[in-house]
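Could you walk me through this protein chain, starting with its overall build and then going through how its helices pack?

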Amino acid sequence: MADDEQLKQAAELFKVLGTVSRLKILAFLARSEGTVGSIVDATGLSQPLVSQHLRVLRSINLVTVNRSGREAIYALTDDHVAHVINDAIAHTGEASPVTDHTH
């Protein structure tokens with residue numbers, strides 16, 4: 001069983017993942033690394049909004065940034081993040097099972 005600190009951190013993770021905009025960014029980064037511009041193009045979000053969300057995602061270590069000259073390349077910190085997002089999306093796409101209450 002997870003301790004209270006781990007549960008607190010997991011709750012914070014879910015809170016941060018609780019916006020469509022951040023999920024769009026993370027889903028994009030699960031497929032490939034990208035610059036702010038490529039994330040803007042892929043998600044349809046404004047540049048200031050993408051930058052703001054990337055700051056939040058970096059602050060809880062979901063996203064890393066590597067700089068090459070003046071260009072900043074963003075990527076997921078690890079594959080765990082991609083799995084959480086992909087599993088959640090897959091789960092919401094599944095049909096609700098019919099429950100038999102007659103037993």
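This is a predicted model: local features need pLDDT of at least 70, side-chain atom pairs count only at pLDDT 80 or more; totals for chains, interfaces and linings use all residues.

Residues are numbered from 1 along each chain as its sequence is written, and side-chain values use heavy atoms, with hydrogens and water left out.

## The chain as a whole

Let's begin with the parts list. The protein chain holds 5 helices and 2 strands; here helices (H or I, at least four residues) and strands (E, at least two) are DSSP runs, numbered from the N terminus. Following the sequence, their pattern is α-α-α-α-β-β-α.

What are the overall dimensions? Along its principal axes, the C-alpha trace of the protein chain spans about 65 × 35 × 20 Å. The protein chain has a radius of gyration of 17 Å, while a compact globule of 103 residues would have one near 13 Å. That radius is taken over C-alpha atoms, and the globule rule is 2.2 Å times the number of residues to the power 0.38.

Of the 103 residues, 29% count as buried, where buried means under 20% relative accessible area, exposed over 50%, and partly exposed in between (1.4 Å probe, protein chains only). Among the contacts in the protein chain with a separation of 6 or more, 48% come from residues 24 or more positions apart. Contact means heavy atoms within 4.5 Å.

## Helix H2 against helix H3

Now for the helix pairs. H2 and H3 pack at an angle of about 110 degrees, and their axes are 10 Å apart. Axes are lines fitted to C-alpha atoms, for helices over the stretch in contact, and angles run from 0 to 180 degrees between N-to-C directions. H2 and H3 are therefore roughly perpendicular to each other. On this scale, angles under 35 degrees count as roughly parallel, over 145 as roughly antiparallel, 65 to 115 as roughly perpendicular and the rest as oblique.

H2 passes H3 in a right-handed crossing; a crossing is right-handed if the near helix is turned clockwise from the far one by less than a right angle, and left-handed if anticlockwise. On the H2 side, Lys24, Ile25, Phe28 and Leu29 meet Ser38, Ile39, Ala42 and Thr43 in H3. By class, this contact of H2 with H3 has 5 nonpolar, 2 polar and 1 charged residues. For these classes, Ala, Val, Leu, Ile, Met, Phe, Trp, Tyr, Cys and Pro count as nonpolar, Asp, Glu, Lys and Arg as charged, and the others, Gly among them, as polar.

## Helix H4 and its partners

Which residues join H3 (residues 36-43) to H4 (residues 47-59)? The axes of these two helices come within 9 Å and cross at roughly 115 degrees. Val36, Ile39, Val40 and Thr43 of H3 meet Gln47, Val50, Ser51 and Leu54 of H4. The contact of H3 with H4 has 5 nonpolar, 3 polar and no charged residues. Here too the crossing is right-handed, as H3 passes H4.

H2 also packs on H4, at an angle of about 80 degrees with the axes 10 Å apart. That makes H2 roughly perpendicular to H4. From H2 come Ser21, Arg22, Ile25, Leu26 and Leu29, and from H4 come Leu49, Val50, His53, Leu54, Val56 and Leu57. The contact of H2 with H4 divides into 8 nonpolar, 2 polar and 1 charged residues.

## Residues to look for

Val16 is part of helix H1 (residues 4-16) and counts as buried at 5% relative accessibility. Leaving aside neighbours within four places in sequence, Val16 is in contact with Arg22, Val56, Leu57, Ile60 and Leu62. Val16 and Leu57 are 41 residues apart in sequence, yet 7.6 Å apart in space, C-alpha to C-alpha. Ser21, in helix H2 (residues 20-31), is buried with a relative accessible area of 17%. Beyond four places in sequence, Ser21 touches Leu45, Leu49 and His53.

Finally, Asn61 is found in the loop between H4 and strand S1 (63-68). Phi of Asn61 is near 65 degrees, a positive value in a residue other than glycine.
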